[in-house]
Amino acid sequence: MTKSSGRMRLLAVGGLLALAVGLGIGRFVYTPILPFMETGLGVSKSDAGLIASANYLGYLLGALLGIRQSLPGSTRGWFLLSLIVCSATTISMGLTESFELFLLIRLMSGAASAFVMVFGSALILSRLAAEGRSRLSALYFAGVGVGISLSSLMIIMLETMDIGSQGMWIATGILSLLLTVPVFLYVPAVPEPSSGEAANIPLRYSRPLKALILSYFLFGFGYIITATFISTLVRQIPEVQWMQSIIWLIVGVAAIPSVALWAGIAAYLGNNRSYAIACLVLAIGVAGSVIAEHPLILVVSAVLLGNTVIGITALGLVEARNMAPNHGRQILAVMTLSFGIGQTIGPGFAGFIYDYFGDFFVASLIAAVGLVVASSLAWGLDNKKQIPPALPSDQI
């Protein structure tokens, strides 16, 4: 291994750790802790949905703000500060029982998670591409699954020790801080790149691009209900309560190789067809999570959820970039807005539907139908021969 190759691998590992902190833990650890908040703090399903939606609203706002070129300071400075904020807000969730503070903390955490994704991509993926090491981007995106898996294992361990939700928040926040330390070493500062986009040419919203944007909204809405409530759903079924913490671990493990898998499929079928198939697979997982109560069906649903979400995210953004090659940052903002609105609506919608019907069956089936529509919209896009997605920084 050459010295340059070793540096690039460490850079990818630094990115992996950053996504583990910012998304795997900071954004998604709420899912396995939620059942313990419901029993220990009396959080209702509708309140739980609003807390989740606050986090996704923060992610939406943070992503849109992070794209702005006028932010003061360096990309690396914002990136590292965001990792610290992710850890601090995770710990803070264990220091209060106030619903209003939960909303504020999760809003801040969501914005910090978005900054980790936007600025981390700018620091890491562009350098990998410049060095001809774009294949290491799959290692970078594996961080989401790694963070989910590590935090799930910690929740399982803390549950056996009879530690409640507040202790779980604090412990996973400390884990985030520990994982953040190597990132300071593995992700060094680099000169700020220029955008190079043809800013004077207005972005044209063709019918295929509009269809993709709508599809991405439906994807955001369709995945997030199951991603937020799957541990709670399992907890309320007596026959499978023992799986309530294990189920999220399965999601995390399945997410680790997902980008590499779907990028490989896209090399043969194209981005849009692969995206469409992944949406159908995810729809099966979402519907399966509420149609049957058998442990095997729930495990399969968790695997399908973990194995598709990050891959669909990457494929959708790459396809949008292909459609608007001169407006990378602008189309990223539009796609982020579409996705963010969908995933912000989802948890609150599911919580209120639960309060009306008494379960997640109706909400999850509506989400699955939305994913089928998202798949059909993507399948109908022009399937021209495309370069397999290398996941460059201005697309994620």
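User: How many aromatic pairs does a search of the whole structure find?

Analyst: The search finds 14 aromatic pairs. Rings of Phe, Tyr and Trp (its six-membered ring) pair if their centres lie within 6.5 Å; planes under 30 degrees apart are stacked, over 60 edge-to-face, the rest tilted. This is a predicted model, where local features need pLDDT of at least 70 and side-chain atom pairs pLDDT 80 or more, while totals for chains, interfaces and linings use all residues. Residues are numbered from 1 along each chain as its sequence is written, and side-chain values use heavy atoms, without hydrogens and water.

User: How is a pair of aromatic rings described?

Analyst: By the distance of the centres and the angle of the planes. W78 and F119 are stacked, at 6.5 Å centre to centre with 20 degrees between the planes. W78 belongs to helix α4 (residues 75-92) and F119 to helix α5 (residues 99-130), so this pair ties together parts 41 residues apart in sequence. Helices here are DSSP runs (H or I, at least four residues), numbered from the N terminus.

User: Is F119 buried or exposed?

Analyst: Buried means under 20% relative accessible area, exposed over 50%, and partly exposed in between (1.4 Å probe, protein chains only). F119 is buried at 7%, and W78 is partly exposed at 24%.

User: Which residues do ring pairs link into a cluster?

Analyst: Y216, F219, Y223 and F339. Both Y216 and F219 are buried.

User: Which residue forms a salt bridge with K45?

Analyst: A salt bridge is a side-chain nitrogen of Lys or Arg within 4 Å of a carboxyl oxygen of Asp or Glu. E38 is the partner of K45, with the closest N and O atoms 3.6 Å apart.

How values were computed. Helices (H or I, at least four residues) and strands (E, at least two) are DSSP runs, numbered from the N terminus.
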